[in-house]
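Here is a set of questions and answers for someone meeting this structure for the first time. Each answer sets a value beside its definition.

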Amino acid sequence: MNTRADRFSEKIHKTPPSGIRKFFDLIIGRDDIISLGVGEPDFATPWLMREEAYYHLEQGHTSYTSNWGLIELRTEIARYLTRYNLEYDPKSEILVTIGVSEAVDAVLRAVLNPGDEIIICEPCYVSYQPLAALCDAKLVHLDTSANGFCPSAELIEAAVTPRTKAIMICSPNNPTGRMIPQNELERIAAVVKKHQLWVFSDEVYCELVYDGHRHCAIGSLPGMKDYTVTLNGFSKGFAMTGWRIGYVCCPAELMEQVFKLHQYSTICAPIMSQYAALEGLKHGWNEVERMRVSYQQRRNLMYKELKEMGLAVSEPEGAFYMFPDIRETGLSSEEFALELIKRYQVAVVPGSVFGSGGEGYIRCCYATDIDKIKTALEHMRQMLEDIRRGGAHAAGRQ
């Protein structure tokens with residue numbers, strides 16, 4: 001008789017659950033916990049976008065759309081992307097997806113064969129590694145921690161082998177908030193073209209940048225369109241996480257393969273979400289800017305407070321995360337995060353769940369109410385003071 005494990009897919013059975021969700025489960029139903037863990041805007045989706053969705057519901061527009069997504073939305077996405085000097089044909093090079101997560105999964109499966117190598121610049125969003133592993137690809141974990149959490153052309157070049165097929169990057173980055181400078185992207189682009197690789201570029205945080213920085217899309221660099229898959233969506237910049245609306249842009253030849261996966265796996269993104277996103281692209285930019293300014297104010301507060309606590313931390317140029325170094329405490333990332341929840345009522349995510357170079361760090365999300373951020377940071381300061389005084393329970397040795 002088969003064992004229980006034999007009844008499941010071996011690959012799925014061996015795939016670990018999300019390390020982020022493990023910590024979220026600890027705070028479900030806990031009103032006394034302040035969460036700096038969830039990577040989600042604390043703003044509601046702007047009203048003009050919600051109103052547009054209500055209108056289409058009232059009109060009975062509840063059908064499937066084209067598998068590609070509404071042509072009006074794809075046309076508006078193409079127009080928007082010209083802000084970043086990206087040129088994509090809305091009819092054959094832009095596909096609307098169920099969030100960026102579906103887009104990542106589809107392009108990985110469309111490109112990777114068993115045994116192909118993919119370089120994943122880490123720390124990184126938690127889905128990249130397992131989705132690539134499910135393609136039976138070989139993961140090459142590129143630790144960027146010694147380079148200020150920014151991948152460099154030299155690091156990537158050193159990791160390339162004859163079996164390398166793709167590179168996965170994210171800028172602005174989750175979990176560190178760091179952006180890859182344009183001059184470095186240009187050097188990375190030279191490596192990509194030299195070795196004829198694909199670069200999968202997750203740019204979902206591109207509207208959330210600070211201090212006058214400007215996002216550079218690697219696909220806009222000379223000769224890079226043929227090598228680039230641009231992944232983006234509305235969850236972060238437009239506060240639309242629950243609407244599940246993203247898109248993938250790539251050369252038409254690759255899109256033919258991605259489109260087949262999308263057809264069979266999801267059919268199309270929800271029509272109401274598509275209409276809301278279209279309205280956002282047309283008329284929602286004042287709201288996007290209002291949210292961005294608020295995040296920058298919160299970032300400034302968190303960065304100042306963490307530095308004053310004595311924690312080493314890079315100032316993020318974008319996204320809404322900070323990645324402070326907690327190695328001085330002698331605790332692992334997971335031990336620190338568990339102690340912070342259990343005794344100090346603050347939730348963060350251990351850096352170890354984000355891959356190579358993440359151990360010894362924690363991810364703090366500042367997309368939450370500023371007063372809650374202040375209280376959470378006071379509690380974190382207290383924990384650090386307890387540890388530095390040699391408090392036994394602060395190191396989990398009660």
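Q: What is the accessible surface of the protein, and what share of the surface belongs to carbon and sulfur atoms?
A: The accessible surface comes to about 17100 Å², and 49% of that belongs to carbon and sulfur atoms. Such areas come from the Shrake-Rupley method with a 1.4 Å probe, and for residues only the protein chains shown count as cover. The model is predicted: local features need pLDDT of at least 70 and side-chain atom pairs count only at pLDDT 80 or more, while totals for chains, interfaces and linings use all residues. Residues are numbered from 1 along each chain as its sequence is written, and side-chain values use heavy atoms, with hydrogens and water left out.

Q: How do you know that the radius of gyration agrees with a compact globule?
A: The radius is taken over C-alpha atoms, and the globule rule is 2.2 Å times the number of residues to the power 0.38. For 398 residues a compact globule would have a radius near 21 Å; the protein has 21 Å, so the two agree. Along the principal axes, the C-alpha atoms fill a box of roughly 65 × 60 × 55 Å.

Q: How many helices and strands does the protein have?
A: There are 13 helices and 12 strands. Helices (H or I, at least four residues) and strands (E, at least two) are DSSP runs, numbered from the N terminus.

Q: Why is Phe-200 called buried?
A: Buried means under 20% relative accessible area, exposed over 50%, and partly exposed in between (1.4 Å probe, protein chains only). Phe-200 has a relative accessible area of 0%, so Phe-200 is buried. Of the 398 residues of the protein, 56% count as buried. Phe-200 sits in strand β6 (residues 198-202).

Q: Which residues does Phe-200 touch, not counting those up to four places away in sequence?
A: Among them are Val-107, Ile-118, Met-168 and Leu-231. Contact means heavy atoms within 4.5 Å. In the protein, of the contacts between residues at least 6 apart in sequence, 77% join residues at least 24 apart.

Q: What makes a set of residues a nonpolar core?
A: The set must consist of buried Ala, Val, Leu, Ile, Met, Phe, Trp, Tyr and Cys residues joined through side-chain atoms within 4.5 Å. The largest such core has 72 residues, and those with the most contacts inside it are Ile-118, Phe-200, Leu-231 and Met-380. A second, separate core of 31 residues includes Met-49, Phe-234, Trp-243 and Tyr-275. In soluble globular proteins, nonpolar side chains tend to be buried together.

Q: Why is Gln-196 called exposed?
A: Gln-196 has a relative accessible area of 53%, which is why Gln-196 counts as exposed. Gln-196 lies in the loop between α8 and β6. Its phi is near 55°, a positive value in a residue other than glycine.

Q: Why is Gln-345 called partly exposed?
A: The relative accessibility of Gln-345 is 24%, so Gln-345 counts as partly exposed. Gln-345 is in the loop between α12 (333-344) and β10 (346-347). Although not a glycine, Gln-345 has a positive phi of about 60°.

Q: Where is the cis peptide bond with omega of about 0°?
A: That bond joins Glu-122 and Pro-123. Pro-123 is in the loop between β3 (117-122) and α6 (128-133).
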